[in-house]
Amino acid sequence: MSPDALSPVSSDLPAVLDLGYSLCPNDTFIFHALHAGLVQGPLPVREVLEDVQTLNDWATQGRLPMTKISYRAYFSVMDRYVALRAGGALGRGVGPLIVTRGDVQDLNGRTVASPGALTTAELLLRLVFPQVNVIRMRYDEVMPAVQRGEFAGQPIDAGLIIHESRFTFHEYGLTRLLDLGAWWEQDTGLPLPLGAILVRRDLPLAVQRDLNAAVRGSLEYAYAHPEASRGYIRQHALEMSDEVMQAHIDLYVNPFSLDVGEEGERAVRELHRRAVEVGAAPATSRTLFVE
């Protein structure tokens, strides 16, 4: 759906709630039942399928009343949105990877292909290598760019990969330089926050809570009826193999997806603190999650 077809919502409840999420298997697995009407929310929903960086950009404009977003991007729109406790992507062993074509160790002063300025992945990259240079592109263009060693005529030394790319980078002859999730876990002892489901703060609190319950119910339905969503997930999984598709779900959908929990909240607060510390996000007194 074109962003021109969408308009910012007001405090009046819409007849249908636009819900933005990615084509990735973890998102289509979580939201299938809600999208298909197999569980009921406070409002009918309409799917808006886009890549995460587009959803990040749209959130800065307030285009969707409910949307998946990178936690890094959330920190920039907390005046307008609040995160649900359900439906997000946090965990251990789920982090973005830095991959290279050759023997590269220190990326300071080098150029890295990045899936987007507002991704959690790029924030982590800058925490580890503060003097890195980045060239931004859609996430599925990163590995081919690293394999070629260039993008749009500019040299590329390494790539920052997310989503299912962590399962397929070997097919491009690439080598893992650093698992940024493992770095985060070792440095903080906390799970890594990747993405959240946001709702507009100008929606009534009761509606926000009901939407959280609906997302949790949609995931619970997916767990209880795994075959129900398989065709929907397969439809949007592009050229991903069934094995990679299932590995993607198994990795990114976990107990934190049902409820972020106290440990997940601490992880998000720590990521926000570090983002503020390096000037990547503003300080805020806003609540992080729907209460």
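# Close-up views of a predicted model

**Figure 1. Packing of helix α4 against helix α7.** In this predicted model, helix α7 (residues 180-188) packs with α4 at an angle of about 65 degrees, and the two axes lie 10 Å apart. The crossing in which α4 passes α7 is left-handed. On the α4 side, the contact is made by Ala121, Leu124, Leu125, Leu127 and Val128, and on the α7 side by Leu180, Trp183 and Trp184. Sorted by class, this contact has eight nonpolar residues, no polar residues and no charged residues.

**Figure 2. Ala121 in helix α4.** Ala121 belongs to helix α4, which spans residues 120-128. Its relative accessible area is 4%, so Ala121 is classed as buried, the limit being under 20%. Apart from neighbours within four places in sequence, the residues in contact with Ala121 are Pro96, Leu160, Ile162 and Leu180.

**Figure 3. Thr120 and its surroundings.** Thr120 is also placed in helix α4. With a relative accessible area of 3%, Thr120 is buried. When neighbours within four places in sequence are set aside, Thr120 is in contact with Ser70, Tyr71, Arg72, Pro193, Leu194 and Leu271. Thr120 and Pro96 are 24 residues apart in sequence, while their C-alpha atoms are 8.6 Å apart in space.

**Figure 4. Residues annotated as a binding site.** In an unreviewed UniProt entry, the annotation "binding site" covers Lys68, Ile69, Ser70, Thr120 and Ala121. Lys68, Ile69, Ser70, Thr120 and Ala121 are included in the lining of the largest cavity. Ser70 is located in strand β3, which covers residues 66-70. Ser70 counts as buried because its relative accessibility is 6%, and buried means under 20%. Not counting residues up to four places away in sequence, Ser70 touches Val52, Asn56, Leu118, Thr119, Thr120, Leu194 and Gly195.

**Figure 5. His163, annotated as an active site.** The unreviewed UniProt entry carries the annotation "active site" for His163. His163 is found in the loop that runs between β11 (158-161) and α6 (165-168). Is His163 buried or exposed? Its relative accessibility is 16%, and since buried means under 20%, His163 counts as buried. Leaving out neighbours within four places in sequence, the contacts of His163 are Cys24, Val52, Tyr139, His248 and Tyr252.

**Figure 6. The buried residues of helix α10.** Helix α10 comprises residues 242-252, and its residues Val244, Met245, His248, Ile249, Leu251 and Tyr252 are buried. Among these, His248 and Tyr252 are in contact with His163. Which elements cover the buried residues of α10? The covering elements include the helices α1 (25-35), α6, α9 (230-236) and α11 (255-258), together with the strands β5 (89-91) and β13 (192-200).

**Figure 7. Leu192 in strand β13.** Leu192 is placed in strand β13. At 0% relative accessibility, Leu192 is counted as buried. Beyond its neighbours within four places in sequence, Leu192 is in contact with Ala89, Leu90, Gly91, Val94, Gly95, Pro96, Leu124, Gly181 and Trp184. Leu192 and Ala182 are ten residues apart in sequence, and the distance between their C-alpha atoms is 8.8 Å.

**Figure 8. Ser114 in strand β7.** Strand β7 (residues 111-114) contains Ser114. The relative accessible area of Ser114 is 0%, so Ser114 is buried. If residues up to four places away in sequence are not counted, Ser114 touches Glu122, Val134, Ile135, Arg136, Met137, Val142 and Leu160. One of these residues, Leu160, is also in contact with Ala121.

**Figure 9. The exposed residue Ala152.** Ala152 lies in the loop between β9 (150-151) and β10 (154-155). Because its relative accessible area is 67% and exposed means over 50%, Ala152 is classed as exposed. The phi angle of Ala152 is near 55 degrees, a positive value in a residue that is not glycine.

Conventions
Residues are numbered from 1 along each chain as its sequence is written. This is a predicted model: local features need pLDDT of at least 70, side-chain atom pairs count only at pLDDT 80 or more; totals for chains, interfaces and linings use all residues. Side-chain values use heavy atoms; hydrogens and water are left out. UniProt positions are given in the numbering used here, feature names are shortened, and annotations may be inferred rather than shown by experiment. Helices (H or I, at least four residues) and strands (E, at least two) are DSSP runs, numbered from the N terminus. Buried means under 20% relative accessible area, exposed over 50%, partly exposed in between (1.4 Å probe, protein chains only). Contact means heavy atoms within 4.5 Å. On a 1 Å grid over the protein atoms alone, a cavity is a set of points where a 1.4 Å probe fits but cannot get out, and a pocket is an open set with protein on both sides within 12 Å along at least five of seven lines; lining residues have an atom within 4 Å of a point. Axes are lines fitted to C-alpha atoms, for helices over the stretch in contact, and angles run from 0 to 180 degrees between N-to-C directions. A crossing is left-handed if the near helix is turned anticlockwise from the far one by less than a right angle, and right-handed if clockwise. Ala, Val, Leu, Ile, Met, Phe, Trp, Tyr, Cys and Pro count as nonpolar, Asp, Glu, Lys and Arg as charged, and the others, Gly among them, as polar.
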